[in-house]
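Trainee: I would like to learn how to read helix packing and a ligand shell in a model. Please take the features one at a time.

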Amino acid sequence: MTLTTIALETSAVELSGVVKRYGAVTAVDGVTLTIRPGEVVALLGPNGAGKTTTVDMLLGLQKPDEGRVEVYGRAPHDAVALGLVSAVMQTGGLLKDYTVEETVRLTAVLFGRPRTAVDETIARAGLTDVAGRLVGKCSGGQQQRLRFAMALLPDPELLILDEPTTGMDVAGRHDFWSAIRDDARRGRTVIFATHYLEEADAYADRVVFVRRGRIVADGTAAEVKALASGRTVRATLPGATSSLLQSVPGADRSEIRGDTVFLHGNDSDEIARYLLTRTAARDLEVTSRNLEDAFLALTADEETPR
Ligand SMILES: Nc1ncnc2c1ncn2[C@@H]1O[C@H](COP(=O)(O)OP(=O)(O)OP(=O)(O)O)[C@@H](O)[C@H]1O
């Protein structure tokens, strides 16, 4: 890496008041974000949240309508041209009649990288065992690791991955992320977009929640896990008020939808006991939300359609 040529205080990524519109749709709606060198950051959000649009702006593939985007203190297009940033795309870019090694070697020639870089990159991407295999015969996970290897060849400061494990099986995902994590330990900055909270939780140091083009939460993976834990007690309770729900012991969040109340907390027994003995609540149901549901619930605060 060329860290020595880059001032240590330079941010890897600076987004400031970034807005991107497609006609009537505001895909990115005022995003301000600083990512420091060496961070592994997940951009997490449901479909249409604005993750790909953000990534495209970091790669210089889209220009913001408002605000500023900088990668290592430069315009994204310049950072890409200098090899400071590269990306693992979801599809395309592979020729199936070449072997894995030939593909990496060809890419190395394009980047003017020496022969030693080819073997090292193949090893780093965990592809040594399949180096002689035709790309067309590789699994989806192996092909994705090959794209990762190709992205590593310019030895970028920042690696960007947009939903890189879509369509991979569990073992493929695991191997893919192990290779990325091992590489990131050497200090490379990694930003990846994902729908999967589990993936963000397992592999990112920092998780940035995006919804409807805005950042709705930003924290460590441990903080994310804490936010997503607990259970929800649903009950029918006509006439419930928020002040009544706030007084329920053990509940840390509550919501009223018509005659139905939802109370979230770590001790669902305590919540249920209180509702049944101290209020007119009935039809109780206790659910353990999975991480994905929890994420959606946590970020579903503004339901106005765009
Ligand atoms: N080229 C485009 N033209 C018009 N609308 C677009 C275009 N690209 C994205 N959008 C819209 O912008 C919004 C954000 O899309 P984006 O692809 O950035 O979200 P995402 O978080 O990456 O979603 P997904 O997880 O489904 O890939 C969506 O409403 C999408 O339909």
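Mentor: We begin with how elements are named: helices (H or I, at least four residues) and strands (E, at least two) are DSSP runs, numbered from the N terminus. This is a predicted model, in which local features need pLDDT of at least 70 and side-chain atom pairs count only at pLDDT 80 or more, while totals for chains, interfaces and linings use all residues. Residues are numbered from 1 along each chain as its sequence is written.

Trainee: Which element gives the most to the shell around the ligand?

Mentor: Helix α1 does, with 3 residues. Both β2 (25–35) and α1 (51–58) supply at least two residues of that shell.

Trainee: Which residues are around the ligand?

Mentor: A residue is near a molecule if its C-beta atom, placed from the backbone, lies within 6 Å of it. Here the residues are Y22, V25, A27, G45, N47, G48, A49, G50, K51, T52, T53 and H195. By class, they divide into 4 nonpolar, 7 polar and 1 charged. For these classes, Ala, Val, Leu, Ile, Met, Phe, Trp, Tyr, Cys and Pro count as nonpolar, Asp, Glu, Lys and Arg as charged, and the others, Gly among them, as polar.

Trainee: Now the helices. How do I read a packed pair?

Mentor: Two packed helices are described by the angle between their axes and the distance between the axes. Axes are lines fitted to C-alpha atoms, for helices over the stretch in contact, and angles run from 0 to 180 degrees between N-to-C directions. Angles under 35 degrees count as roughly parallel, over 145 as roughly antiparallel, 65 to 115 as roughly perpendicular and the rest as oblique.

Trainee: At what angle do α5 and α6 cross?

Mentor: Helix α5 (residues 140–152) and helix α6 (residues 170–184) cross at roughly 15°, and their axes come within 8 Å. The two are therefore roughly parallel to each other. In the contact, G140, G141, Q144, R145, F148 and L152 of α5 meet G172, D175, F176, A179, I180 and D183 of α6; two residues are in contact if their C-beta atoms, placed from the backbone, lie within 7 Å. This contact has 5 nonpolar, 4 polar and 3 charged residues.

Trainee: How far apart are the axes of α3 and α5?

Mentor: The axes of helix α3 (residues 100–110) and α5 are 9 Å apart, at an angle of about 25°. So α3 and α5 are also roughly parallel to each other. V100, T103, V104 and T107 of α3 and L146, A149 and M150 of α5 make the contact, which divides into 5 nonpolar, 2 polar and no charged residues.

Trainee: At what angle do α3 and α4 cross?

Mentor: Helix α4 (residues 115–124) crosses α3 at roughly 130°, with the axes coming within 9 Å. That angle makes α3 oblique to α4. The contact is made by V100, E101, V104, R105 and A108 of α3 and A117, V118, T121 and I122 of α4.
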